[in-house]
Amino acid sequence: MSSQTAQLLDGKALAQRIQEELAQQIQTLQAQNQRLPGLAVLMVGDNPASAAYVRNKERACQKVGIASFGRQFPTETTQAEVEQAIQALNQDDRVDGILVQLPLPDHLDSVALLNQIDPSKDVDGLHPVNMGRLVRGEPGLRSCTPAGVMRLLQEYQIDPKGKHAVVIGRSILVGKPQALLLLEADATVTIAHSKTQNLAAIASSADILIAAIGRPGLITADMVKPGATVIDVGINRITDYEGKSYLVGDVEFEAVRQVAEFITPVPGGIGPMTVAMLLSNTVQSYHQRRS
Ligand code: NAD
């Protein structure tokens, strides 16, 4: 066991630096009287967590100088109406990025809607074209959360090359693209999920352990190899016995930080990195669409 507590991987500080760099780039465009990058976040319904995420993304856009073209639709909006909105944004030259905030109300087919987004504006990297590029190792827009994890590892010079990376979670949003990005970075990758047997044994063989599950405290200290890097993607809202509510990850932070070498906090780890990657993807898409 390591004799010291783990070093924190400070996603909040890095995200802020990335945003400052983007703001500078955008200021230069503004000084040259160029069009500014634009992002449209579409939200349907009134899910309070989604509303908070959308507000957060729009605030971040405003901070760096990205123009917002977001739209909010009532819960009963039809599939055709959202499709029309996406088509209009696909055609709109002021818009470089389109993001549909998930989850959508049950009557909407989210896969069909995501497939409508022009792949060159798919800043969430969820379109089959961008997913396919990721599988093939070709350049393209990468999903924001897994891209944020890779950027944070890079910042702290944690090179996945040759390491055993275990990703727990196999969603399209996080787990699968995360595993592919680690593979691209030459890690040996294992994907674990809800049907995995002997999760503790697999997790504790990881040099880099990524938890993207959505179960508070599922990863305990005995599941972590001493000296491992632990990335906690999970965001769970829990309420304590006094009725106070707060956010925690999937990792038992206090116990695991006694074992790991590096660990991300929740909040302040991967959450802010996800927003920074969204802004960065929007600026990347802006430059590619102009070239
Ligand atoms: P999801 O529900 O789509 O997927 C969860 C995955 O966890 C599934 O693949 C499932 O197989 C696996 N799983 C569930 N129970 C398990 C168990 N007992 N053992 C092993 N595996 C198990 O969720 P998601 O969209 O991938 O999100 C995962 C978590 O990450 C959530 O807490 C979510 O809020 C969070 N998240 C955070 C960010 C961020 O910006 N930090 C972004 C997206 C998602």
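**Figure 1. Domain layout of the predicted model.** In this predicted model, 28 Å separate the centres of domain 1 and domain 2 when these are taken over C-alpha atoms. The domain assignment of the chain places domain 1 at residues 33–119 and domain 2 at residues 144–270.

Figure 2. The ligand sits in the largest pocket, and the shell around the ligand comprises 22 residues, of which Arg170, Ser171, Ser194, Ile235 and Thr274 come nearest. Sorted by class, this shell holds 10 nonpolar residues, 10 polar residues and 2 charged residues.

Figure 3. Helix α10, which spans residues 270–290, gives the most to the shell around the ligand, contributing 3 residues. Thr274 is among the residues that come nearest to the ligand.

Figure 4. A nitrogen atom of the ligand is found 3.5 Å from a backbone N or O atom of His193. The ligand, taken alone, exposes 860 Å², and the protein buries 73% of that area. Both Ser194 and Ile235 also belong to the group of residues that come nearest to the ligand.

Definitions and conventions:
Residues numbered from 1 in each chain as written. Predicted model: local features only at pLDDT ≥ 70, side-chain atom pairs only at ≥ 80, totals over all residues. Heavy atoms only, no water. Near = heavy atom within 4 Å. Polar contact = N/O pair within 3.5 Å; in protein donor to acceptor, adjacent residues only side chain to side chain. Areas by Shrake-Rupley, 256 points an atom, 1.4 Å probe, with all protein chains shown as cover. 1 Å grid on protein atoms, 1.4 Å probe; cavity = no way out; pocket = protein on both sides within 12 Å on 5 of 7 lines; lining within 4 Å. Sits in = over half its atoms within 2 Å of the grid points. Helix = DSSP H or I, 4+ residues; strand = E, 2+ residues; numbered from the N terminus. Nonpolar A, V, L, I, M, F, W, Y, C, P; charged D, E, K, R; others polar. Domains from an automatic or database assignment.
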